[in-house]
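Here are some brief notes for a first look at this model. Please read them with the structure open.

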Amino acid sequence: MLIPLYEMYDNKFYKKSNKSFAQKLRQNMTKAEACLWKYALCAGKMKGYSFKRQRPILNYIADFVCIDLNLVIEVDGYSHFLNEVVEKDKLKDKTLKEAGFVIMRITDDQVLKNMANVILEIEKVIDEIEVHKSPPPAPSKGGHRHNQHS
């Protein structure tokens with residue numbers, strides 16, 4: 001039986017069926033993920049944007065995502081350099097890009113050894129996204145709703 005997409009996903013491709021797995025990942029973040037979260041991404045620290053950690057998107061769990069920017073940040077440990085994992089990461093990146101996300105990959109070592117540079121790199125990516133985002137619609141003039149039945 002096929003499940004309609006609107007039942008599988010809501011709110012930017014959030015996949016409810018992966019929620020419990022994502023919660024477990026949030027409770028067991030790697031040292032690099034925990035550092036990036038604490039020092040760069042939590043509580044609007046990154047240019048005022050809100051990030052979610054271990055977010056189920058489509059058939060994947062994104063390490064970090066900013067919904068407002070459609071930005072996914074992946075923190076890759078040593079296993080991400082194994083051929084099998086590299087191929088899975090390529091497919092994940094391709095699928096998420098096709099869904100409209102910008103993907104940024106950084107390594108554990110980058111986070112743990114040079115957090116200041118990682119923060120600068122994330123800020124650069126955000127600046128690029130902001131340049132290409134369309135401006136919000138202009139507010140309507142008058143501010144009054146017109147009643148069609150008057």
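1. Start with F64. Its relative accessibility is 0%, so F64 counts as buried. Keep in mind that this is a predicted model.

2. Next, the aromatic rings. The count of aromatic pairs comes to one. The partners are W37 and F64, with ring centres 6.1 Å apart and planes at 10°. Planes under 30 degrees apart count as stacked, so this pair is stacked.

3. Now place the pair. W37 sits in helix α3, which covers residues 31-41. F64 belongs to strand β4, residues 60-66. The pair therefore ties together parts that are 27 residues apart in sequence.

4. What else does W37 touch, leaving out residues up to four places away in sequence? Besides F64, W37 touches M29, C42, F51, K52 and R53. Take K52: it lies 15 residues from W37 along the chain, and their C-alpha atoms are separated by 9.3 Å.

5. Look at D63 too, also in strand β4. D63 is buried, yet has no salt bridge. The nearest side chain of opposite charge is K92, 5.3 Å away. A salt bridge needs the charged atoms within 4 Å.

6. Which backbone nitrogen lies 2.7 Å from a polar atom of the D63 side chain? That of V75. V75 is also among the contacts of D63 beyond four places in sequence.

7. Compare the two contact lists.

Terms used: Residues numbered from 1 in each chain as written. Predicted model: local features only at pLDDT ≥ 70, side-chain atom pairs only at ≥ 80, totals over all residues. Heavy atoms only, no water. Phe/Tyr/Trp six-rings, centres within 6.5 Å; stacked < 30°, edge-to-face > 60°. Helix = DSSP H or I, 4+ residues; strand = E, 2+ residues; numbered from the N terminus. Buried < 20%, exposed > 50% of the residue type's maximum accessible area, 1.4 Å probe, protein only. Lys, Arg positive; Asp, Glu negative; His and termini not counted. Polar contact = N/O pair within 3.5 Å; in protein donor to acceptor, adjacent residues only side chain to side chain. Contact = heavy atoms within 4.5 Å.
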